[in-house]
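Work through the exercises below with the sequence and the model at hand. Try each task before reading its solution.

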Amino acid sequence: MKIEILCIGKLKEAYWRDAVAEYSKRLTAYCDLKITELKEARLNGTGPAAEEAVRAAESADLLAHIDRDDYVITLEVKGRRLTSEQLADKLQECALAGQSSLVFVIGGSLGFDSSVSRRANLRLSFSDMTFPHQMMRVILLEQIYRGFKINRGETYHK
């Protein structure tokens, strides 16, 4: 299975890069992982119109990197909440259905617009809280790793 984490922005702090590297290394035993970092759009001005322009530009870039056959899972505050076991089930379900390419989408600091949400096969929420997108990348990788461990009956979960 190919899994891509499609995200806006680069990891600036070494501790986030180290955590991503660790989970990426662990995931090599379970999937072909690719992390694609897209450039943050420049905020020109202040206010809702400027922020919407950033969301629109970043969303267009995100959509340009998604193939027609990709199974897309967006990370959204208002998405569906799953337990770790349910996420593991979703990974297994996709594999059994022949979905060979999963793309997880993490928006930038202002999120993404509705066009990305509409493209999603699953809108996933980890919490009602807002997390920095750098932290969310680490949390997502850990949960994907946990899901594979659960599906293989390997020790790690709990």
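Strands here are DSSP runs of E with at least two residues, numbered from the N terminus. The structure is a predicted model.

**Exercise 1.** Find the strand that holds I35 and decide how exposed I35 is.

Solution. 
Step 1. I35 is found in strand β2, and that strand covers residues 32-38.
Step 2. The relative accessible area of I35 is 27%. Buried means under 20% and exposed means over 50%, with partly exposed in between. I35 is therefore partly exposed.
Step 3. Now look at what I35 touches. With neighbours within four places in sequence set aside, I35 is in contact with I5, C7, V20, S24, R137 and L141.
Step 4. Check one distance along the way: I35 and I3 are 32 residues apart along the chain, and their C-alpha atoms are separated by 8.5 Å.

**Exercise 2.** Is T36 buried or exposed, and which side chain makes a polar contact with the side chain of T36?

Solution. 
Step 1. T36 lies in strand β2.
Step 2. Its relative accessible area is 13%. The cut-off for buried is under 20%, so T36 is buried.
Step 3. The side chains of T36 and E4 are joined by a polar contact of 2.5 Å.

**Exercise 3.** Describe how helix α1 packs with helix α5.

Solution. 
Step 1. Helix α1 spans residues 14-27 and helix α5 spans residues 133-151. Their axes are 9 Å apart, at an angle of about 20 degrees.
Step 2. Angles under 35 degrees count as roughly parallel, so α1 and α5 are roughly parallel to each other.
Step 3. The crossing of α1 past α5 is left-handed.
Step 4. On the α1 side the contact includes W16, V20 and S24; on the α5 side it includes R137, L141 and F148. Sorted by class, the contact has eleven nonpolar, two polar and three charged residues.

**Exercise 4.** Which term describes the angle between helix α3 and α5?

Solution. 
Step 1. Helix α3 covers residues 84-96. The axes of α3 and α5 come within 8 Å and cross at roughly 75 degrees.
Step 2. The range for roughly perpendicular is 65 to 115 degrees, so α3 is roughly perpendicular to α5.
Step 3. Residues of α3 in this contact include L87, A88 and L91, and those of α5 include I144, G147 and F148. By class there are six nonpolar, five polar and three charged residues.

Note on methods. Residues numbered from 1 in each chain as written. Predicted model: local features only at pLDDT ≥ 70, side-chain atom pairs only at ≥ 80, totals over all residues. Heavy atoms only, no water. Helix = DSSP H or I, 4+ residues; strand = E, 2+ residues; numbered from the N terminus. Buried < 20%, exposed > 50% of the residue type's maximum accessible area, 1.4 Å probe, protein only. Polar contact = N/O pair within 3.5 Å; in protein donor to acceptor, adjacent residues only side chain to side chain. Axes fitted to C-alpha atoms, helices over the stretch in contact; angles between N-to-C directions. Parallel < 35°, antiparallel > 145°, perpendicular 65-115°, else oblique. Left-handed = near helix turned anticlockwise from the far one by under 90°. Contact = heavy atoms within 4.5 Å. Nonpolar A, V, L, I, M, F, W, Y, C, P; charged D, E, K, R; others polar.
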